[in-house]
Amino acid sequence: MTGRYEIVLYNNKICYRLDVKRNITVLRGDSASGKSELIRLLGAYNSNPSSSGITLICEKKCTVLNEENWQLFTETYSDRIFFIDEGNGFLRTTEFADTVKRSDNYYIIISREGMPNLPYSIEEIYGLREGSDSGKYRLPKRIYNEMYRLYGNVPESILDLNVVVTEDSNSGNEFFSLLFPDKCISSAGKSNITKILSQHFNERVLAIVDGAAFGPEMQKCMELSDASGGAISVYAPESFEYLILQSGILEVPKSVLEETWNYADSAKYFSWEEFFTHYLSDTTRNTVSQYSKKKLNDFYKTAGNVKSVYDVLPESLKAIVDAF
Amino acid sequence: MLSIYFGTYKGDNYIDNPDLYFDNTYEDEWLNDPVSKQMVKDIDRSELVSPNLVISPVLGSIPVSRLSGGVKTLIQINNDKDHVYNASACGDNCVPWLLKISEEKDVLVRLGHLMRFPDKDFHIRIANTDEIVDSRQVLVQRVISEGMLDE
């Protein structure tokens, strides 16, 4: 499934508007912000759409999954948006993760737990808040997003940073080692990042992660960052490959980067991280710029191309690089 | 004191879905308790009139089954000492009540995420290791460095 979809669901008391554009969207936040009421309303609508008194406006069918129906519905249906409330034990299972992986559906999941088997984006973790106009609408609000962390919250003290931890072990680490010589270590995967950060808790640390799939670890990272008083900072672009595609080194149609939801088919790509890696590898195959995740082609290490990637980094990160 | 087990709790008395469990097991006397009424007012911004009636400013008159999962969990933690509840059903706005309840009694809950506790002025026992911590900094460090949420 591809595309970006608006979902409007309302009765005479309450209205929800959601916007989904990736295979997994996560809702979390304070109690009593209306998350479970959203599920209840959709379930009531589906039980009798014409007589429920509830209106659903969405290009795609929307369905609630629970312990009883999830396997049947996910095997039977495609091209749908599934909603799942917290408290469903199957969310933690590898069977469910495997189902999402090959799924031609989108999933909106309510959960405060990390769900490490699901590579959701830090940009698709939302809370619900009351709309500011009349209080009639509830609008989704991002709890975590890349822009918030990178452009606003990199503290001054990070300029004297001690360690840079990259989630990537090969090409991404190789590249950032060029920007941060002798400071760059790899966590060899996203699940190790928080452990390594906690080992360097009393130092000034920059973590560079692939935001497109880092959602399960983001809450822990943010807690560590806050508890460290800002000494731990997180930079979370979509992925290293995204930075290359964005840098202008290669000719990339704007829409691939700006409307990725129209290209990253959920049935083929578990996350946009996978899509960007595939796109970069595919479009450079058998050329001088051939990209491999395992080893960084010298083409990307030239001063000009390193500068091109540097140019698309946020200013706060450029300042850190410049301090070296 | 508040004791927290982080990660997968395997006790027979564990309730993973406190929202659903509440609907089918709550006692009327729990809902007549002034503390329950205060929690509903604070968390759900609603009035708990009686065990059969809640007045919500958004939804109107509703049954107690439509209270938030967070406040249902708090009411159970405060009234049912026989079970260990999944406090990941509670948002960060439930933290003051969780700490307040555990000032009066020993409480054990399970968490599958890092709830946002205050920076200091609390005592929490990490049940996984039996360690007592008194700051968020130490709590967060311990939970992550020991991989308690990685199971």
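So, how many residues lie between strand 8 and strand 9 of chain B in their hairpin? Four, and Asp130(B) in the turn has a positive phi of about 65 degrees. Strands here are DSSP runs of E, at least two residues, and helices are runs of H or I, at least four, numbered from the N terminus.

Quick housekeeping. This is a predicted model, where local features need pLDDT of at least 70 and side-chain atom pairs count only at pLDDT 80 or more, while totals for chains, interfaces and linings use all residues. Residues are numbered from 1 along each chain as its sequence is written, and chains are lettered from A and ligands numbered from 1 in the order written.

Strands count as paired if DSSP finds at least two bridges between them. Ile126(B) has Glu131(B) as its bridge partner.

Chain B also has an open antiparallel sheet, order 3-4-5. Strand 3 (47-50) and strand 5 (60-62) are at the edges with a single partner strand each, so one side of each lacks a neighbour in the sheet.

Over to chain A and helix 10, residues 272-284. Just after the helix, Asn286(A) takes a positive phi of about 60 degrees.
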